[in-house]
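I opened a new notebook page for this chain.

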Amino acid sequence: MSEVGRASAPKVGLLYPTRDCGEDDFVRMAALLDPSITVEFSYVEWGEDVSDIAEMGALEKLNAVRELGEPDRLAVAAAGLTGFAPHVVALACSSCSFLQGLDGARKQAADLAALMGAPATSTSLAFVAAARAMGLSRVGLASVYGEEVTSAFAEFLADAGITTTHHVAMDAPSDRALASWDRHRIADLTERGDDPGAEAVLVPETALHTADLVPGLERRLGKPVLTATQVTIWRALAEAGHAATGGGAGALLERAR
């Protein structure tokens, strides 16, 4: 990255799957981590056969989400950020990155970086980076996905050397439904994903509104909680060469500095 990019206020471009779901949570988390940050969204379009994901069966959902992560769709979405000229790009979708596997997720990021001429990452890779930065090797998963997709994320983490000691798979109907979950449902989800053998709990869903909840969840569980919004913005800043400067976003900022 150029010295101009490093010296100016960080501009983060996010590729996001569904309009009007969790964008405001990313903006809020960005303000917590670095008040100078600017966030811009471009949307990865669902396949033509996807009308209402809440009405789809498990296999149909799996295929639709996997399709979201295909190179052509990401390239079209990334083109929407060209005028914004981000210092870093992140695929802000957990499942459409980890369903490609660890090597596939790395290739997604490399392809986006080459396309945009800027560093790139994804929510899934950000979870791995955050766990490593905090020295975590055993985690619980508070998953809103079904069993098959949850298992895929556990395998993704295992390939990165991170063991899942316990998981919950809530099989929520859609990201739009998840965007309406309140703090009580999210707290319950996080508690269900906890385990005495877990060093932290991961919450891998970018539609959940968690920006203002992490410190309270950590006090409740007595251990770090890593959420999709939190790790995505944290890692994007790191990739852009900017250290997070704010507070109120949980143990990640304290232990991974």
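My entries follow, from the whole chain down to single residues.

**Ground rules.** I am working with a predicted model, in which local features need pLDDT of at least 70, side-chain atom pairs count only at pLDDT 80 or more, and totals for chains, interfaces and linings use all residues. Residues are numbered from 1 along each chain as its sequence is written, and side-chain values use heavy atoms, with hydrogens and water left out.

**Whole chain.** I found 13 helices and eight strands. Both are DSSP runs numbered from the N terminus: helices are H or I with at least four residues, strands are E with at least two. Next I checked the radius of gyration, taken over C-alpha atoms, against the globule rule of 2.2 Å times the number of residues to the power 0.38. For 257 residues a compact globule would come out near 18 Å, and the chain's 17 Å agrees. The C-alpha trace spans about 45 × 45 × 30 Å along its principal axes. I then looked at contacts (heavy atoms within 4.5 Å). Of those with a separation of 6 or more, 79% join residues 24 or more positions apart. Buried residues make up 57% of the chain. The cut-offs are under 20% relative accessible area for buried, over 50% for exposed, and partly exposed in between, with a 1.4 Å probe and protein chains only.

**Core.** Nonpolar side chains tend to be buried together in soluble globular proteins. I used this rule for a nonpolar core: buried Ala, Val, Leu, Ile, Met, Phe, Trp, Tyr and Cys residues joined through side-chain atoms within 4.5 Å. The largest such core has 90 residues, and those touching the most other members include Leu-14, Phe-156 and Ile-233. Helix H7 (residues 123–133) gives the most to this core, with seven residues. Nine of the 11 residues in H7 are buried, among them Leu-125, Phe-127 and Val-128. Just after H7, Gly-135 takes a positive phi of about 70 degrees. Beyond four places in sequence, Ile-233 touches Leu-14, Phe-26, Met-29, Ala-30, Leu-33 and Ile-37.

**Val-12.** I picked this residue in strand E1 (residues 11–16). Val-12 is buried, with a relative accessible area of 1%. Leaving aside neighbours within four places, its contacts include Ile-37, Val-39, Phe-84, Val-88 and Ala-236. The C-alpha atoms of Val-12 and Phe-26 are 10 Å apart.

**Positive phi.** Most residues other than glycine have a negative phi. Ala-85 has a positive one of about 55 degrees. Ala-85 sits in the loop between H4 and strand E3 (88–91) and is partly exposed at 42%. Asp-171 also has a positive phi, near 55 degrees. Its loop runs between strand E6 (163–169) and helix H9 (175–178), and Asp-171 is exposed at 52%.

**Second largest pocket.** Which helices each supply at least two residues of its lining? They are H4 (71–79) and H6 (101–116). H6 gives the most, with six residues. The lining includes Gly-69, Leu-74, Lys-107, Asp-111 and Leu-115. By class I noted five nonpolar, four polar and three charged residues. The space in this pocket is about 180 Å³.

How values were computed
On a 1 Å grid over the protein atoms alone, a cavity is a set of points where a 1.4 Å probe fits but cannot get out, and a pocket is an open set with protein on both sides within 12 Å along at least five of seven lines; lining residues have an atom within 4 Å of a point. Grid points are joined across faces, edges and corners, and a volume is the space filled by probe spheres set on the points. Ala, Val, Leu, Ile, Met, Phe, Trp, Tyr, Cys and Pro count as nonpolar, Asp, Glu, Lys and Arg as charged, and the others, Gly among them, as polar.
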